[in-house]
Amino acid sequence: MADGSAPGIKPISGGVHLGIEHESARKHVTGAATYTDDIPELPGTLHVAVRLSDRAHARILGMDLAKAKQAPGVHAVLTFDDVPGDGDIGPILPGDPVLAPDVVEYAGQAVVAVAAETLSQARAAARMVEVFYEDLPAVLTAQEAMEAESFVSPSLTFQRGDAAQAVASAPRRLSGTLEVGGQDHFYLESHIAYAIPKEDGDLLVHSSTQHPAEVQHAVAKVLGRPMHGIAVECRRMGGGFGGKESQPAQIACIAALLANATRRPVKFRMDRDDDMLMTGKRHDFHVRYDVGFDEDGRIQGMEMDLAGRCGMSLDLSNGVVDRAMFHADNAYYLPAARITGHRCKTHTVSNTAFRGFGGPQGVIAVEEVVDEIARSLGKDPLDVRRANLYGGPGRDVTPYGMPVEEPDILAELLDQIERDSDYRNRRTEIDAFNARNTVLKKGLAVTPVKFGISFTVKHLNQAAALVHVYTDGSVQVNHGGTEMGQGIHTKMAQIAAQEFQIDVDRVKVTASATDKVPNAPPTAASAGTDLNGQAVRLAVRTIKGRLADFLAEHCHTTPDKVEFRDNAVFAGNHAMTFPEVAKLAYLNRVSLSSTGHYATPRIWWDREKCEGRPFFYFSCGVAVTEALIDTLTGEYRFPRADVLHDCSGTINPAIDLGQVEGAFVQGLGWVTCEELWWDGQGRLRTHAPSTYKIPTSRTIPEDFRVTLYTARPNREDTVFRSKAIGEPPLMLGISAWLALKDAVAAVGGHKYPVHLDAPATPERVLLAVEDIKARMAAGG
Ligand code: MTE
Ligand code: MOS
């Protein structure tokens, strides 16, 4: 069997850099994929409904639970006082009670949880609960919180040079404000957990979560039990988008508390309305800026205040607001800057991670600044963007002191998209179109993104994996990442296949489980593949090392002469198929299982001093979007968008293409149609698809051209030199908002100022158009 044509020895299929299909693609579309709700229910399973507060801020004077307790099918009615362990599950600091204690701090907060034999019985009983409140004063918006100095944590400032002085002494100066809306995650699968009692009071919890270890930690905490008796498992989520980073803990804890109280399996599958009312969203921001610049639009100094509405608790808000600050430069060099992030405490739901984790809010703020500079100078915004790009001598350090080591990539991407989108000609055509048409107006905008990759909390930048080789040569991989549709399991299988040099269909990636890989960080910050991919690789290498040692002895050669290639292993003049090697190694008592652990090198961040290298590297992209508005109704369409994103070194170009398309559309939705609206009492009134508009097939650009840029493998030693992709392209959706603004400006021949907050709903577009028309009529 010494020659490569022997049976079983053939080039591998499905290694890295190939666009193989998502391991669950067919199961997703045929409905065969098992989500948490599809796990066959055990006999005796109970179902959960929660009673939510309808007050933003109130003291609970008392509750009448008697009727609910006696209602048909009810097995348990729980309040905060029934929690056997610690009832606070704040992921970083306390402040997130699993059920409201004596005070409610937002409308939508869970006060009572009921378990009953059917879901409708549970819902009926939850409605029978009477809660008696005494209203307390409520702070609802970020601006109100700023005035009241109501914060969940102290403000933080990045400072370079004397920004105030630089602004004051610049030839030109502008200041302004921007309201940036939040966003509901609208994962297709709402929050869900299924808790199953085991012996000794242990629990197995199936949870739709990006962070099984955090769910395990929280469940152990509320039950007052050690973590070793709590196992959390997640095969896949029907979308997470950051909404399942910290939030699943509460859902799982409620299910676990009820399972513990009843000794029955308990499933808590949230109704869409309850999910939207009860769980955190993207932070909305109030932005204020002062900027000084020269006649070319080049920024000399910028002062910016970013006030994020955190809601009633800290949750992950420090990281989110910090990331907004880290991205308030986006692609632009700011010679002097003061950037302050405020963490506003309000009596609204505690906002949380959402794709980009605050980055998009920082990016949109500085994109507004650059756009306003261009408009004030009557220049094409693309030229002002170019004038401010990182690059050139001395123009390569961020306001927080991190060098931008590859600054020229931004200009390169802009060059390519300017060509590919035919930007200059289309600008001329659009001007001509606008001159011809009075009702319909077009706009065009280009925006870049530079997004920092790594958790800014250093210890989260680690990952582990567990790899088993079985005696038939099949391989099972488990790792600390979770699958939410982004394809991490496919990429991990490709990486293991590549390293072992076996066909990808010999590798199975199994459900994320805290009893297989413990203490894993959340799958977030776009770093899932970077972190877990390296851990998988290291685990595989350990096994390969053992096999090489064994085969060297067995075949009378040296380990360095053992080669894994083409579904086979070559040792000296022997060649064996991979299954043969697995079997032989087993018979010779060689361990075929290993863990791997990886920690990202080079990164550090001193939050006290605001200095360091918080990111391993940056991920960059650009987009050009065209908008068409109806000036009589404010309605709009996007006739075309061109997107170019850096996916160099990609593990799987097909998956990455999907990530870029999806992220762009999700970003476009955030800044255009998705509007969260709270009434004057702090009650969210857009808590269902009937009132909350996510992008649809009609919103997506009609001519949507997405290209992966692949010319520059990662200069850092990432797994197969790939680059993270999950979040960065979301920020390119901001070009859609600026295209709308450009179209509105065209109403007044680009002579009048335009103010357009985000999201630019048809209503906002219409009001902005009316505002220009009024100014024109007034001759001002
Ligand atoms: N893609 C799909 N289909 N579904 C998701 O929930 N979440 C995004 C992104 N892409 C998400 C997604 C977010 S918020 C992040 S941080 C990354 O995927 C996480 O996965 P990764 O680190 O493996 O890229
Ligand atoms: Mo993504 S917001 O980091 O889960």
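1. Aromatic pairs number 15 in this predicted model, where a pair means rings of Phe, Tyr or Trp (its six-membered ring) whose centres lie within 6.5 Å, with planes under 30 degrees apart called stacked, over 60 edge-to-face and the rest tilted. One of them joins Phe-500 and Phe-578, a tilted pair with 5.2 Å from centre to centre and 55° between the planes.

2. As to conventions, residues are numbered from 1 along each chain as its sequence is written, and chains are lettered from A and ligands numbered from 1 in the order in which they are written. Because the model is predicted, local features need pLDDT of at least 70 and side-chain atom pairs count only at pLDDT 80 or more, while totals for chains, interfaces and linings use all residues, and side-chain values use heavy atoms, with hydrogens and water left out.

3. The domain assignment, which is automatic or taken from a database, gives domain 1 (25-34 + 462-599), domain 2 (44-137 + 185-278) and domain 3 (285-456 + 607-777). The C-alpha centres of domain 1 and domain 2 are 37 Å apart, and 20 residues of domain 1 are in contact with 18 residues of domain 2 (contact being heavy atoms within 4.5 Å).

4. Between them, domain 1 and domain 2 bury about 1500 Å², of which 52% is on carbon and sulfur atoms; buried area is the accessible area (1.4 Å probe) that two parts lose on being put together, summed over both. On the side of domain 1, the residues that lose the most area to domain 2 are Met-484, Thr-514 and Pro-522, which together make up 34% of what that side buries.

5. Zero salt bridges are counted between domain 1 and domain 2, a salt bridge being a side-chain nitrogen of Lys or Arg within 4 Å of a carboxyl oxygen of Asp or Glu. The elements giving two or more residues to the side of domain 1 that touches domain 2 are helix 1 (25-30) and strand 20 (512-513).

6. Over the whole structure, the search finds 63 salt bridges. One of these, between Glu-23 and Arg-235, has its closest N and O atoms 2.9 Å apart, and this pair links parts of the chain 212 residues apart, with Glu-23 in the segment before helix 1 and Arg-235 in the loop between strand 11 (230-234) and helix 7 (248-262).

7. Two backbone features deserve a look. Most residues other than glycine have a negative phi, and most peptide bonds are trans. Arg-263, in the loop between helix 7 and strand 12 (266-269), has a positive phi of about 55° although it is not a glycine. Ala-758 and Pro-759 are joined by a cis peptide bond with omega about 0°, and Pro-759 lies in the loop between helix 18 (734-747) and helix 19 (762-777).

Terms used
Helices (H or I, at least four residues) and strands (E, at least two) are DSSP runs, numbered from the N terminus.
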